Amino acid sequence: MSRFLRYFLLLLAAASFIYPFIWMVSASLSSERGLSSLTVFPVEFTWSNYGSVFSKIPLGRAFLNSVLVAVVTTTLVLISGAMAGYALARLRFRGRDLIFYLIIFTMTLPFQITLIPNYITMVKLGWVDTYFALIVPFVLNSLSILLFRQAFTSMPQALIDAARLDGCGELRIIFQILFPNILPTVLTITILTFMGLWNEALWPLIVIRDEPTMTMPQLVTLFSVGGRAEGQLGVKIAAAVMLAVPIVILYLFFQRHFIRSMASSGLKD
Amino acid sequence: MAEVRLKHIAKAYTGDSRVIQDVSIDVNDKEFVVLVGPSGCGKSTLLRMIAGLETITDGELFIGDRRMNDVPASERDIAMVFQNYALYPHMTVFENMAFGLKLRGLPKDEIRERVSKAARLLEIENLLDRKPKDMSGGQRQRVAIGRAIVRNPQVFLFDEPLSNLDAKLRGQTRIELQKLHRELSATMIYVTHDQVEAMTLGDRIVVLRNGDVMQYDTPLNLYNHPVNQFVAGFIGTPPMNFLSGRITDAGPLRFESPNQEVMIDLAETGYGNALKPYRGKTVVLGIRAESISHQPFTDRTFHRQPVVVEALENMGSETLAYFLVENQRFIARLSAEQNLSFGQRIDLFWDSTKFHFFDAQTEQAIQP
């Protein structure tokens with residue numbers, strides 16, 4: 001009996017998490033009149049909400065922008081993080097620990113605090129309404145540096161020595177010798193960075209006003225609150241579903257690594 | 001042609017504390033030299049300095065005729081075998097061995113040829129497609145040696161390559177390394193803390209302590225003519241027995257232990273003249289376990305010492321007998337036929353021609 005109760009409570013909790021998402025999908029496929037009820041299946045099934053979204057905003061273009069920004073930035077985060085992490089883990093130089101603590105310190109600052117200075121910098125550089133504004137401020141990531149540093153610290157020194165004797169320079173040591181041996185860390189950083197970038201709406205809202213350069217979350221947010229949806233809840237919800245779909249698909253592919261990434265970083269955004 | 005010359009080499013990490021004091025060693029072409037010493041003596045640091053993995057604080061390093069102080073590790077024409085093998089985990093055996101050659105821009109055919117030749121020599125041809133994690137420790141060690149061989153270097157460096165292997169495999173690999181040295185006729189420098197490895201492998205041995213060379217000589221000379229008490233105690237198993245005592249000359253010149261448990265007439269030891277200046281002073285007597293016998297020597301002089309057997313280790317071929325002299329533990333290596341038992345009182349005979357004496361202050365050997 002207690003066992004039954006336990007599972008009942010667990011199911012209830014699970015449903016409370018999943019139901020909003022189910023409703024969102026079903027609502028996006030319902031007609032406007034069906035939205036007032038809490039259902040599981042679409043009421044008066046229709047694709048028209050999706051049709052409206054695509055006709056009203058350049059969602060395809062925004063999707064490509066998001067992919068471009070997320071992929072390029074994640075790649076650069078991996079490169080810069082690996083190089084900085086390696087230096088902090090393996091090279092001996094004056095002030096190394098101080099630099100490391102400074103980098104850790106920046107993790108305690110919420111992005112909102114640096115928002116204004118960053119924005120002013122973008123304006124001065126003339127990067128407003130360009131991809132640079134979306135990419136450059138994110139290519140150095142203290143969490144990725146920290147994770148890379150920990151991973152490189154745990155590698156045996158002899159491996160690096162052997163590579164050096166074989167004729168490797170530091171870059172080759174990092175990317176050809178060490179990188180393939182810390183793939184779980186690389187994947188963790190990739191997933192966390194990619195997800196963070198994909199979901200970022202606040203920063204693009206500030207630096208991008210030019211519609212063809214907008215990312216998906218920005219465009220969807222603007223669409224939903226900016227009046228372009230003309231009050232049609234179904235269309236707004238369809239846009240939100242489109243925003244969530246890529247990450248859900250990625251999650252299905254990398255489920256195991258997602259969970260490990262969350263657990264290993266101890267962070268949840 | 002590659003002799004390796006170290007001239008007044010020193011290493012300091014921070015400030016004045018030097019981990020390598022002032023080391024000068026000449027390693028001849030095709031010689032097998034072993035660096036041996038207790039942990040923390042600086043032997044690995046010295047090897048890493050030769051390899052180019054550590055900077056040289058002071059002094060000069062030559063390989064062949066070239067000064068190597070500022071030459072990067074990859075251009076010193078050396079290869080190194082590491083204690084934990086240091087194979088690239090994500091590469092197959094073939095890729096591991098080929099990697100260095102590929103970076104040097106060798107043509108593919110030659111790489112393939114060199115790798116398969118080394119693989120044949122080491123009998124690892126069937127492992128070429130495996131990853132390191134799918135191999136045993138002994139196999140990994142062979143691959144690590146193979147990776148060094150394919151480079152065809154002037155000098156091979158070994159950093160405790162056998163210490164991760166079990167005892168049996170260690171013995172086998174030791175013999176194979178000797179064979180390899182003959183076949184490759186290359187200069188080899190080998191670091192170990194195991195003096196048995198040092199004695200069996202080295203043409204010459206460098207005994208290090210606290211970053212300083214204690215003695216650099218052939219294995220037999222180290223064994224028979226240690227220059228100080230440290231070398232005497234470090235080389236040889238079981239270690240040499242030591243006993244401090246005073247030189248007295250009331251009557252004939254004698255060595256007397258503090259409680260007069262041991263009194264040795266020095267006239268018969270060959271040290272009569274050498275120890276005269278030590279009259280009234282303290283010296284340390286050293287005698288090896290195998291220079292103590294349960295029966296009198298017929299062909300040479302001996303010292304008879306009554307002892308009580310404290311412990312016995314029967315090894316089959318021999319028996320190690322432990323006993324106390326002046327509360328110091330002594331070990332004697334006796335023939336196995338002895339029917340000894342614990343607590344038994346016996347007379348043991350010390351070979352008077354095999355005594356060593358050391359200055360108690362400086363620990364330097366006193367030459368007869």
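1. In this predicted model, β7(B), helix α5 (residues 167–184) of chain B and β8(B) make up a β-α-β unit that is right-handed.

2. Within β8(B), Thr187(B) has Val155(B) standing opposite.

3. A further partner of β8(B) is strand β3 (residues 32–36) of chain B, again in the parallel sense and over five bridges. Here Ile189(B) of β8(B) has Val33(B) opposite.

4. Is β8(B) enclosed or open? Strand β8 (residues 187–192) of chain B is largely enclosed by the rest of the structure, because six of its six residues are buried. Thr187(B), Ile189(B) and Val191(B) point one way from the strand, while Met188(B), Tyr190(B) and Thr192(B) point the other way; the residues of both groups are all buried.

5. On chain A, the feature to look at is a nonpolar patch on the surface, whose members together have about 830 Å² of accessible area. The residues forming the patch are Ile18(A), Phe21(A), Ile22(A), Val40(A), Phe41(A), Val248(A), Tyr251(A), Leu252(A) and Ile259(A).

6. Helices α1 (2–28) and α13 (233–265) of chain A each supply at least two residues of the patch. The largest share, four residues, comes from α13(A).

7. Val248(A), one of the patch residues, is found in helix α13 of chain A. Its relative accessibility is 33%, so Val248(A) counts as partly exposed.

Notes:
Residues numbered from 1 in each chain as written. Chains lettered and ligands numbered in written order. Predicted model: local features only at pLDDT ≥ 70, side-chain atom pairs only at ≥ 80, totals over all residues. Heavy atoms only, no water. Patch = residues over 30% accessible without salt bridge, like charges linked within 9 Å, V, L, I, M, F, W, Y side chains within 5 Å. Areas by Shrake-Rupley, 256 points an atom, 1.4 Å probe, with all protein chains shown as cover. Salt bridge = Lys/Arg side-chain N within 4 Å of Asp/Glu carboxyl O. Buried < 20%, exposed > 50% of the residue type's maximum accessible area, 1.4 Å probe, protein only. Pairing = 2+ DSSP bridges. Right-handed = clockwise from strand over helix to strand, strands pointing away.
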